[in-house]
Structures are given as C-alpha cells and as structure tokens.
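Hi,

Here is the structure I said I would pass on. Have a look at it first, and my notes follow below.

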Amino acid sequence: MYEWIRAFHIIFMVTWFAGLFYLPRLYVYHAMAENQASFELFKIMERRLFGIMTLGAVLTAGLGVWMLILSEGLILSMGWFHAKAVLLILLLAYHYGCWRIMHTFRADHNQRSHQWYRWFNEVPGALLILIVIFAVVKPF
C-alpha cells in the first residue's frame, strides 16, 4: 500500500511542479503583453492553471502526510526529512507568492518587468533539484 501512495504522491508532485514552472512563465508573457485582449486571456489562463496547480499541491501534501502516518513517524527522525520539510515550506511560500502575483495581474497593478519574472521562474527548479536529492539520496 505504501508504494502505491508514494507513486501517487510523485504523480501529483509532478502536476504541482508543472504548474509552478509554467505559471511564472505566463507572468513573463503577461508582463510583456501590449493589448487588453492579451491581458484578459492571460488572466484566464493564470487562474485556471493556478487551480490545477493547487489541486496538485493539496494531493501531494495529503499523500505525503498519509505516508508519514504509515511510516509510524520513523521518517520524522531522519535529517534528510527535516531538510526536505524546510524546502517544502519555501515551496509553499513560493506557491503563495504566485497567488499574490496572480491577483496583482488580475487587478492590473503589475509593477514588475518580464525580466523579474524570468528570475522568479527559476526558483521552483532549484527547489525541485534539492527536494528530489533529499528524498531519493537521503544524504544524512
């Protein structure tokens, strides 16, 4: 049973990260847009993607908690899990930041350049690399 839960945890994590990679890219294009029709289209795309991304995050977290319960707390005492947990908190903060940016665009109050969003778009990639290393390699 544990391996099935882990498999679906990974599947929904991929869904979540797909959104975390693509939504900031939409912000880049939204910041570069020059007409009202484009602005409105990006608002719709961003809202829909955020919903899918959030569903992936909730299912990933729920399955992760389920795995913790099934492991009878053994994972909680491992150093690699503490490091992964810190990174997951940062990832949730990033997710929240995406939500705030989406609302800024929705209200037509964006003040940032497309270059800023290009850098912002790099964050989930770095977090993904570290999270996978801690979860798979378990270096400590």
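In general, an α-helix has 3.6 residues a turn, so residues three or four places apart point the same way.

Before going on, a word on what you are looking at: this is a predicted model, in which local features need pLDDT of at least 70 and side-chain atom pairs count only at pLDDT 80 or more, while totals for chains, interfaces and linings use all residues. Residues are numbered from 1 along each chain as its sequence is written, and side-chain values use heavy atoms, with hydrogens and water left out.

Now the overall picture. The protein chain has five helices and zero strands, counted as DSSP runs numbered from the N terminus (helices are H or I with at least four residues, strands E with at least two). Its C-alpha trace spans about 55 × 25 × 20 Å along the principal axes. Of its 140 residues, 35% count as buried. Taking contacts with a separation of 6 or more, 80% are between residues 24 or more positions apart (contact means heavy atoms within 4.5 Å).

Back to the salt bridges: the whole structure has three of them. Lys 43 is buried, with a relative accessible area of 11%, whereas Glu 40 is partly exposed at 34%.

Lys 43 also forms a salt bridge with Asp 108, at 2.9 Å from N to O. That pair links distant parts of the chain, with Lys 43 in helix H2 and Asp 108 in the loop between H3 and H4, 65 residues apart. Through shared partners, Glu 40, Lys 43 and Asp 108 are joined into one network. Asp 108 is partly exposed, with a relative accessible area of 48%, and takes a positive phi of about 60° just after H3.

So which charged residue is buried yet has no salt bridge? That would be Glu 46, whose nearest side chain of opposite charge, Arg 106, is 7.2 Å away (Lys and Arg count as positive, Asp and Glu as negative; His and the chain ends are not counted). Glu 46 is in helix H2, residues 36-70. Leaving out residues up to four places away in sequence, Glu 46 touches Leu 23, Leu 26, Tyr 27, His 30, Met 102 and Phe 105.

Last, helix H5. Its buried residues are Pro 124, Gly 125, Leu 127, Ile 131 and Phe 134, and what covers them includes helix H1, H3 and helix H4. Just after H5, Lys 138 takes a positive phi of about 50°.

Cheers

How values were computed:
Buried means under 20% relative accessible area, exposed over 50%, partly exposed in between (1.4 Å probe, protein chains only). A salt bridge is a side-chain nitrogen of Lys or Arg within 4 Å of a carboxyl oxygen of Asp or Glu.
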